[in-house]
Amino acid sequence: MKETVLAVLKDNLFSYVSGEELSSRLNVSRTAIWKHIGALREDGYEIESAPRLGYRLLAVPDLLLPSEIHAGLETNILGKKVIHQHEVESTNRVLRELADKGEPEGTVVLAEQQTAGRGRLGRSWSSPQGGVWLSVLLRPSLPPFKVQLVTLLAAVAAVEATETVVGITPGIKWPNDLLVDGKKLAGILTEVSAEMERVNYLILGIGINVNIPAGNFTGELTETATSLQAATGSSTDRVAWVKTFLTKLEREYIRAQKQGFSDVLERWRRYSVTIGYAVDVNLGNHTVSGTAVDIDEQGALLVKTDTAVETFLAGDVSLKPDKDQ
Ligand code: BT5
């Protein structure tokens, strides 16, 4: 209902809408309308109320509010429920707790900041204001060995959302880092709850540096990280990015479960900045050097070394300066 009040105010951006009109259009009392206006103001919307004229929307907060994400979102599953927090430890963690209690597929958790954002293998993810820190709950009907493919699919959706909203096409470093000019723009952390034969759920967490000035990165990130703001010189509508990403992710996700992942893999290869490159694959206790030649139908990386073609399901890849095709 609050979202409907907001939608009417947005449809009448430069004019007043009377309390009477709102209450008759929404079929609720004027007191109820007044309460919804109060709730919208608490969310950060600036709404003027003028005696005898009614209400007028003056400003929308720069926040990833459910009311903003929902407006015009044309998905059927993803983002039907959006939980927005100003600050959390980790959106993946919040969603994992909900998933264990039976939360339905598609729920999204968004935070303005994370205090303990997580990367893969226990690494941390810096998550200041201005980024998009998003987790989405999926319950795919896929065998556990295919889960990696959903992560690749999410990377493709994130590249294409960025292309649509911002006009730049990041490259993908295997398995799922988005890079611009060799620096990391976004990362994906997929956490899985599965049994031998069946996936219970999958938490797909993505972090993308959107409106973060280059000068705000500290430590090693000064050299290794970038943002959409740093790459384009202007700020990006974060709500538009989230909506576009969810729309593309849902379309690809539904299609892949019906028809398989070959189309996604083809596009992943097109965006890849790994295939054809000389790489070091760091496996923790040792490193394998060679040329990345392809990914297989499970999303594993194939690396040609001096002696063989080796297959890697996990690991950290660093690209070497020389392209070796
Ligand atoms: C990732 O891990 O790239 C996965 C990042 C996933 C973050 C999202 S945000 C929403 C959701 N909730 C969470 O708690 N996590 C997910 P990995 O490949 O392990 O990369 C981690 C490494 O990237 C760190 O060790 C740093 O070197 C670097 N890094 C950390 N923060 C970064 C940032 N904001 N931008 C670019 N690089 C960063």
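Gln 114 puts an N or O atom of its side chain 3.0 Å from a nitrogen atom of the ligand, a polar contact by the N/O cut-off of 3.5 Å. The protein covers 93% of the 800 Å² of accessible area (Shrake-Rupley, 1.4 Å probe) that the ligand has on its own. Keep in mind that this is a predicted model: local features need pLDDT of at least 70, side-chain atom pairs count only at pLDDT 80 or more, and totals for chains, interfaces and linings use all residues. Numbering runs from 1 along each chain as its sequence is written, and side-chain values use heavy atoms, with hydrogens and water left out.

**Other ligand contacts**
- Ser 90 has a side-chain N or O atom 2.7 Å from a ligand oxygen.
- For Thr 91, the side-chain N or O atom is 3.0 Å from a ligand nitrogen.

**The shell**
- There are 27 residues around the ligand, counted when a heavy atom lies within 4 Å.
- Ser 90, Arg 118, Arg 120, Arg 123 and Lys 184 come nearest.
- The shell splits into eight nonpolar, 13 polar and six charged residues, with Gly counted as polar.
- Strand 8 gives the largest share, four residues; strands here are DSSP E runs of at least two residues.

- Strand 10 (277–282) and strand 11 (287–295) pair antiparallel over five bridges, where pairing takes at least two DSSP bridges.
- Ala 278 has Thr 291 as its bridge partner, and Thr 291 also stands opposite Lys 304 in strand 12.
- In the turn between strands 10 and 11, Gly 284 has a positive phi of about 90°.

Conventions
Polar contact = N/O pair within 3.5 Å; in protein donor to acceptor, adjacent residues only side chain to side chain.
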